[in-house]
Amino acid sequence: MHASISGSPENSVSDGTSPVCCGLVARNKHAIVVQSPAKLNIFLEVCGKRPDGYHELDTVMVRTTFCDRLTVMPRDDQQLRLRFSDATTESLRHGVPLDHNNLILKAAEKLREFRGSGAPGADFILHKQIPPESGLGGGSGNAAAALLACRTVWNLSATDADLHSIAASLGSDINFLLSGCRAAVCRGRGEQIFPIPIRSPLFFVAVRPVRGNSTPDVFRRTRIPETPVSSAEIAQCLAEGRTSQLDKVMFNRLTQAACEANPEMAELISRLQHRTRLPVFMSGSGSTVFVHCQSSQEARKLQTQVQQQLRVTAWHLEV
Ligand code: C5P
């Protein structure tokens with residue numbers, strides 16, 4: 001079976017019935033609670049530099065079960081307010097702004113322009129679990145969750161296409177997390193979504209050094225290849241459920257530049273490789289790096305070992 005990734009992108013929004021992916025957790029008259037999942041880039045090629053300064057990508061993103069949680073409550077006045085849930089740890093609060101620089105508030109601000117007069121307000125409570133600057137799309141997922149939740153609590157007539165157009169104006173990874181796809185080839189800046197099937201579940205163990213990476217810096221340092229590698233083979237591998245061969249086709253062009261920018265991450269890659277005897281990959285522009293496991297059981301065992309031996313927090317991510 002060939003995974004079809006030609007033609008027009010399919011930027012639509014899931015119906016929210018999925019347990020993850022901006023899925024609805026709870027809703028009543030006063031509040032809506034949605035999941036905001038992390039993504040992994042299991043393939044990322046840089047195909048060229050664009051006149052607008054961005055890079056043309058061919059990347060495969062997968063939606064994981066590792067999630068933040070966003071609660072949205074409409075307000076009677078026009079204010080937009082964001083705070084952390086009490087359960088959010090100190091270390092995760094660091095580096096996540098709560099003012100207008102946060103993508104949640106930027107997304108809400110843009111969406112309410114659809115209402116025209118009488119702009120509504122909202123309180124947002126973020127239970128942060130996905131570390132910032134980690135290449136897992138935490139902030140992007142939060143923006144996607146805010147768009148979906150606000151459309152509901154404000155009872156707006158904005159279409160899926162409207163949400164996607166706001167998402168693309170705010171960042172390159174938001175459209176994938178808004179789309180509800182489990183996996184997609186993403187092109188353009190990353191905002192054009194071509195869903196692909198995954199025949200078998202995927203299991204990963206991910207770790208991250210203390211320092212995050214600056215995405216613009218990593219892109220700036222990256223050498224653009226003369227002959228880009230294509231995502232076609234990994235898409236085919238996923239569609240046919242050949243997960244035992246995934247290690248041979250996973251790839252990230254940004255890895256070398258990210259290692260130069262963040263030597264702590266480079267060292268973590270070699271320690272993880274040494275301990276697990278598995279190839280190590282990086283998500284997005286880093287600094288999260290991960291290994292692929294053949295089962296949930298293997299991933300859980302490895303997660304414990306990595307935590308004990310490398311003395312870092314390790315996550316077990318499923319797709
Ligand atoms: O779109 P996003 O905010 O995620 O991008 C952050 C930065 O990463 C951009 O300002 C740009 O420097 C770089 N980038 C890029 N090409 C892409 C995506 C991001 O150069 N396709």
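Guide: Helices here are DSSP runs of H or I of at least four residues, strands are runs of E of at least two, and both are numbered from the N terminus. The model is a predicted one. The side chain I take up is that of Lys 128, a residue in the loop that runs between β5 (121-127) and α3 (138-153). Lys 128 counts as buried because its relative accessibility is 4%, and the cut-off for buried is under 20%. Its side chain has polar contacts with two others: one of 2.4 Å to the side chain of Asp 68, and one of 3.1 Å to that of Asn 142.

Two elements each give two or more residues to its shell, β3 (55-75) and α6 (215-221); the largest share, three residues, is that of α6. Around the ligand are Gly 53, Tyr 54, His 55, Leu 57, Gly 171, Ser 172, Arg 189, Thr 215, Pro 216 and Phe 219. Sorted by class, this shell holds four nonpolar, five polar and one charged residues.

A side-chain N or O atom of Ser 172 is 2.6 Å from a ligand oxygen, and a polar side-chain atom of His 55 is 2.7 Å from an oxygen atom of the ligand. At Arg 189 the backbone takes part: one of its polar atoms lies 2.9 Å from a ligand nitrogen. On its own the ligand has 450 Å² of accessible area, and the protein covers 74% of that.

Key: Residues are numbered from 1 along each chain as its sequence is written. This is a predicted model: local features need pLDDT of at least 70, side-chain atom pairs count only at pLDDT 80 or more; totals for chains, interfaces and linings use all residues. Side-chain values use heavy atoms; hydrogens and water are left out. A residue is near a molecule or strand if one of its heavy atoms lies within 4 Å of it. A polar contact is a pair of N or O atoms within 3.5 Å; within protein, one must be able to donate a hydrogen and the other to accept it, and residues adjacent in sequence count only if both atoms are side-chain atoms. Accessible areas come from the Shrake-Rupley method with a 1.4 Å probe; for residues, only the protein chains shown count as cover. Ala, Val, Leu, Ile, Met, Phe, Trp, Tyr, Cys and Pro count as nonpolar, Asp, Glu, Lys and Arg as charged, and the others, Gly among them, as polar. Buried means under 20% relative accessible area, exposed over 50%, partly exposed in between (1.4 Å probe, protein chains only).
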